[in-house]
Amino acid sequence: MILVTGGLGFIGTHTVRALLDQGEDVVAVQRSAARELPAVLAGARVTVERADIADRDALLAIGRRHDITGIAHLAGSYPWPPVPEAPVEATRQALGGLLNIAQAAQEWGVRRLGVASTIGVYFGAANDGPLREDAPLALNASVSIPTFKKVGEMLGGFLADTTGLDIVNYRISGTWGPHGHADPFFAAPALIHAAARGTAPDLSGLMSPARTEDGLDLNYVKDTGRAIALLQLADKLNHRTYNVGSGRLTTNAQVIEAIRMAVPDAAVDLPAGGDGPHLVLDIGRLKEDTGYRPEYDTERAAADYIAWLRAGNES
C-alpha cells in the first residue's frame, strides 16, 4: 500500500489515480478535513487519512492502521507564499514535515520514499541544452520553493546514506491540467481557464509579464502523475534524482495555438517576444529506468483540460 502525502492535491490526485491504475492500494493523506474526494477517484480503492505531516504522532499513527510499503511525498515542504512575519517558524514547520516523513519511512520499513522537488532547482544553472540531473546547481535561489527543494534534496541524500532508505527526488517540471491552479511562473493555466470561460485571461498573479515566446518544459499532469507512479513502483532505480517532465520546450505561442484548435475564438493573445531562460529537462533517466513516455502533446493536453473545465469542473 502506497502512502501519498498531498494525495488529494493537484499532482497528488493524478499520482493516486496512476498508482490505482497500476493495481496498487493507496492511502491519500490530506491536511484539511473539508477536502472532498475528487471525482476521478470516486469509488476507487483509496483510503483518505487526515493528518498534518508536521504532526509527527498523527503521521506515525497512520502506519499502525495500514501496511505502508512505499511513500510518495508530494505535500509542500516549503513555506509558500513566503511568511515574512514568522520565517523561522515557517522554516521549522517545512523542514520538520520532511523529517517526519523520513522517520515514518524508516519506522515502517518502506521500500522507497519519493520526494517532490522542482525544475526550479536549475535556476541559475548553465542552460545550454536539456538539463541533466547531474548539472551543477547554484547555491542560491530568489524564491522559497527552489531554496527548500535544494535543502530537501541534500537532507534526503544524507538520510539515505545514513539510514539505508531508498530516497528518490522527483524534479518536477511546470505542470498543468485538471485540479490545477493559476501558476505564478507560467501562463498556460490562466490561458486555458480564460478560453474555457470565454473571458480574458487574468495574468496578474504571474511573477513577470507573459510573452508569446516565453516557455519551459510543460508536462500535462496526467503524465506527471504516471511518471511518479512508475518511479515509485520500479523494481530497480539506478539513480537518486530524476527529472519528471515532457523533455521538450513548450512556448506560450504553442499553448495559444493548441487552445485555438479547441476554441477558435479564444481571446488569449499575448504580447510578442520573450527573453526568459527556456528550462527544458532531459528525461533520459526516467525513460530508461521506468519505460515512461509522455502521452499528451500540447494540443491533446489543451483540449483535454478545456473539456474538463467545460464539463463543470473547477480547479
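This is a predicted model: local features need pLDDT of at least 70, side-chain atom pairs count only at pLDDT 80 or more; totals for chains, interfaces and linings use all residues.
Beyond its neighbours within four places in sequence, Tyr170 is in contact (heavy atoms within 4.5 Å) with Ala72, Leu74, Gly114, Val115, Ala116, Ser117, Thr118, Ile228, Leu231, Gln232, Tyr242 and Val244. Together with Val4 and Val16, Tyr170 touches the most other members of the largest nonpolar core, which has 39 residues. Such a core is a set of buried Ala, Val, Leu, Ile, Met, Phe, Trp, Tyr and Cys residues joined through side-chain atoms within 4.5 Å, where buried means under 20% relative accessible area with a 1.4 Å probe, protein chains only. Among the elements giving two or more residues to this core are strand S6 (167–172), helix H1 (10–21) and helix H6 (221–233). Apart from it lies another core of 29 residues, including Leu191, Ile192, Leu206 and Ala258.

Turning to helix packing, the axes of H5 (residues 188–197) and H7 (residues 252–262), lines fitted to C-alpha atoms over the stretch in contact, come within 10 Å and cross at roughly 20°. H5 is therefore roughly parallel to H7, a term for angles under 35 degrees. Ala188, Leu191, Ile192 and Ala195 of H5 make the contact with Val255, Ile256 and Ile259 of H7.

His179 is found in the loop between strand S7 (174–176) and H5. Although not a glycine, His179 has a positive phi of about 75°. His179 is also buried, with a relative accessible area of 16%.

Residues are numbered from 1 along each chain as its sequence is written, and side-chain values use heavy atoms, leaving out hydrogens and water. Local features need pLDDT of at least 70 and side-chain atom pairs count only at pLDDT 80 or more, while totals for chains, interfaces and linings use all residues.

Methods
Axes are lines fitted to C-alpha atoms, for helices over the stretch in contact, and angles run from 0 to 180 degrees between N-to-C directions. Helices (H or I, at least four residues) and strands (E, at least two) are DSSP runs, numbered from the N terminus. Angles under 35 degrees count as roughly parallel, over 145 as roughly antiparallel, 65 to 115 as roughly perpendicular and the rest as oblique. Buried means under 20% relative accessible area, exposed over 50%, partly exposed in between (1.4 Å probe, protein chains only).
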